[in-house]
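Biologist: I have the sequence and the model open side by side. Could you walk me through what was computed for it, starting with the sheets?

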Amino acid sequence: MNAQAVPTVITDQMGPDFLLAVEGLTVSFDGFKAVDDLSFYVDENEIRVIIGPNGAGKTTVLDLICGRTKATAGSVKFKNTELTRLKEYEIVRAGVGRKFQNPSIYEDLTVFENLEISFPRGRGVFGALAFKRDAQVIERVEEVAKTIFLADQLHQRAEYLSHGQKQWLEIGMLLIQDPELLMLDEPVAGMSVAERKKTAELLNTIIKDRSVIVIEHDMKFVEDIAHKVTVLHQGRILAEGPMAKVQADPKVIEVYLGH
Amino acid sequence: MTQALSPRFKNLLGLLILAVLLAVVLPLVLEPFRLNMVGKYLTYAFVAVGLVLCWGNAGILSLGQGVFFGLGGYAMAMYLKLQSSTPEATKIQSTPGIPDFMDWNQITQLPFFWVPFKSLPLSILAVVLVPSVFAFIISYAMFRRRVGGVYFAIITQALAAIMTILIVGQQGYTGGINGITDLRTLAGWDIRTDSAKTILYFVNVALLLGAIVLCQWVRGSKLGRILVAMRDKEDRVRFSGYDVASFKVFVFCLAAALAGVGGAMFTLQVGFMSPSFVGIVPSIEMVIYTAVGGRLSLLGAVYGTLLVNWAKTSFSESFPELWLFGLGALFIAVVLLFPNGLAGLYRSHVEPRIDALFGGKGRSGSRPAPAPAE
């Protein structure tokens, strides 16, 4: 683990030690800056948690990284590739996976089919027509289904899953893509205590060989998983560092934790 | 799995029943005039089948399928018209050798875009290619810009209106409001005789069954599941590494190509093509066929087309001016009362009994969810 401190000045000559380098990222909606000159860096194999009050711009940051929202200014470099110029599906193919806030799964398809669609093969029109459900696909789907506790629900239509299971299914759909950077937007929102525990366990098993950015409000959960925490406030970084340091920061207590 | 009949077997059986009905039963019980009429209805079924993929599976509602039906139909009509416009047959015209309506409009030379239609292979190619290329241009422009849903439907409807106006307005090149009429032979073979019409009916049935098999294959592939996934959560598909627009363009072009084949078969069996099969009303009627049959069922779309057209013919023989109201009422009734059409009724009322008859359990998909995890 290269748990180095936040670098002060970074130029274009980025070392290869950062998986993701966000620099000067700004987006304004009709003059309102939802994200304002934001810079942060994510290491390989790091779990970074972004916290902050509602409207701080947390989800917008993820949207900017994965290309859902176009940046007004600034750069997002992933393994030294500029993402802001790529299309959404190109960003995914480069190795960035994104989970949405509400479980975003295909209700009319089975759990197996949900996972299969995310299998990284046959992603073009004709590739999809020629796609064969071979042993490799079945094996991988079953393996991931086991990881996300849905091994015995493979042929269930996804709409019949519970809320927590749907969240896991979406995480599974990302796992099967095997992204190097996984971004999760409130993965435990609406989950029961037992489900949260299982999700934390799940996250701890899937972070091997990848970096994860998580947005979360549940402080207990954040404490459990975070290597480093970034606190956003009004589109800017209020504090950054290990959980203990951030929790003790008077500014953070003032705008967020204190309430 | 202890199912009596697998879904695959049911699909095959359904296709077989339809094939027997269209290719054996109807030709035996109907006189040639009525059979030709069924043939005409079945040309609309190509559009309805395409709409099942495009609207039912992918959620792209097009209210302009008449445009593609018309393009295919006109491509065939242009070929047939040139066939019957030989210099000998048109020697009383001031310019012999060109279609009569051109002569009436003081056109003295065959327009350049008519020239390829002197060749049968090129014309057949045009039947499929012209609608798909046109569909590609429109849908690429719209889906790239993420135009979808109601906006897409309205734009396609506008296209149907524009196409009609264009055809009617360019009478010297298109035959105008009367369309292209007086079609006689296909490569020297007279298409107006009863026996020719019967043969064309069977060709039509064979092509339609082929179209259904093609669509079943597409639906059964991963692409089919991606279409369903896109209808449900477009963003999730996009962020799973797919270029969503290209899948939409593909399915829209496929539906357009099928509509084009239907149009060409229409021209062959009915003997003319006119703008009244291109505009807004026929385009919406085609959507209604699909809705009545069940927009998720390829076979249902065929039955829906036959049923609505049969109703139209019987109804408008007695009350012609009331038909459009009847059709509107039917559409509203279907949407409100049985959104999955005939196929939905079949699945909820008939299929369980058939399953019970064969001693199987219900479909595995309909079983309730087990208790969720804590």
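Modeller: This is a predicted model, and in chain A six strands form an open sheet with mixed pairing, in the order β6-β7-β8-β3-β9-β10.

Biologist: Which strands stand at the edges there?

Modeller: β6 (96-99) and β10 of chain A do, and each has a single partner strand, so one side of each is left without a neighbour in the sheet. From one strand to the next, the twist averages 15°.

Biologist: And how do β7 and β8 of chain A run, parallel or antiparallel?

Modeller: They run parallel, with five bridges joining β7 (residues 181-185) to β8 (residues 211-215) in chain A.

Biologist: How many bridges pair β1(A) with β2(A)?

Modeller: Eight bridges, in the antiparallel sense, pair strand β1 (residues 18-29) of chain A with β2(A). Within that pairing, A:Val22 has A:Phe40 in β2(A) as its bridge partner.

Biologist: Back to the other sheet for a moment, what joins β9 to β10 in chain A?

Modeller: Five bridges do, between β9 (residues 228-233) and β10 (residues 236-241) of chain A, and the two strands run antiparallel. A:His233 stands opposite A:Arg236 in β10(A). The hairpin of β9(A) and β10(A) has two residues between the strands, and A:Gln234 takes a positive phi near 50° there.

Biologist: Changing topic to helix packing, at what angle do α3 and α6 of chain A pack?

Modeller: Helix α3 (residues 111-118) and helix α6 (residues 163-177) of chain A pack at an angle of about 35°, their axes being 7 Å apart, and the crossing is right-handed.

Biologist: Which residues meet there?

Modeller: From α3(A), A:Val111, A:Asn114, A:Leu115 and A:Ser118 meet A:Leu169, A:Gly172, A:Met173, A:Ile176 and A:Gln177 of α6(A). By class, the contact of these two helices has five nonpolar, four polar and no charged residues.

Biologist: Now chain B: what area is buried between chain A and chain B?

Modeller: About 3,300 Å² is buried between them, with carbon and sulfur atoms giving 59% of that area. In chain A, the residues that lose the most area to chain B are A:Tyr106, A:Ile117 and A:Leu129, together 19% of what that side buries. The contact involves 45 residues of chain A and 35 residues of chain B.

Biologist: How many salt bridges are there between chain A and chain B?

Modeller: The count between the two chains is five, whereas a search of the whole structure over all chains finds 33. B:Arg236 forms a salt bridge with A:Glu170, the closest N and O atoms being 2.6 Å apart, and this pair crosses from helix α10 (residues 234-238) of chain B to helix α6 of chain A. The side chains of B:Arg225 and A:Glu116 also meet in a salt bridge, at 2.9 Å from N to O.

Technical notes:
Residues numbered from 1 in each chain as written. Chains lettered and ligands numbered in written order. Predicted model: local features only at pLDDT ≥ 70, side-chain atom pairs only at ≥ 80, totals over all residues. Heavy atoms only, no water. Pairing = 2+ DSSP bridges. Helix = DSSP H or I, 4+ residues; strand = E, 2+ residues; numbered from the N terminus. Axes fitted to C-alpha atoms, helices over the stretch in contact; angles between N-to-C directions. Left-handed = near helix turned anticlockwise from the far one by under 90°. Contact = heavy atoms within 4.5 Å. Nonpolar A, V, L, I, M, F, W, Y, C, P; charged D, E, K, R; others polar. Buried area = accessible area lost by both parts, 1.4 Å probe. Salt bridge = Lys/Arg side-chain N within 4 Å of Asp/Glu carboxyl O.
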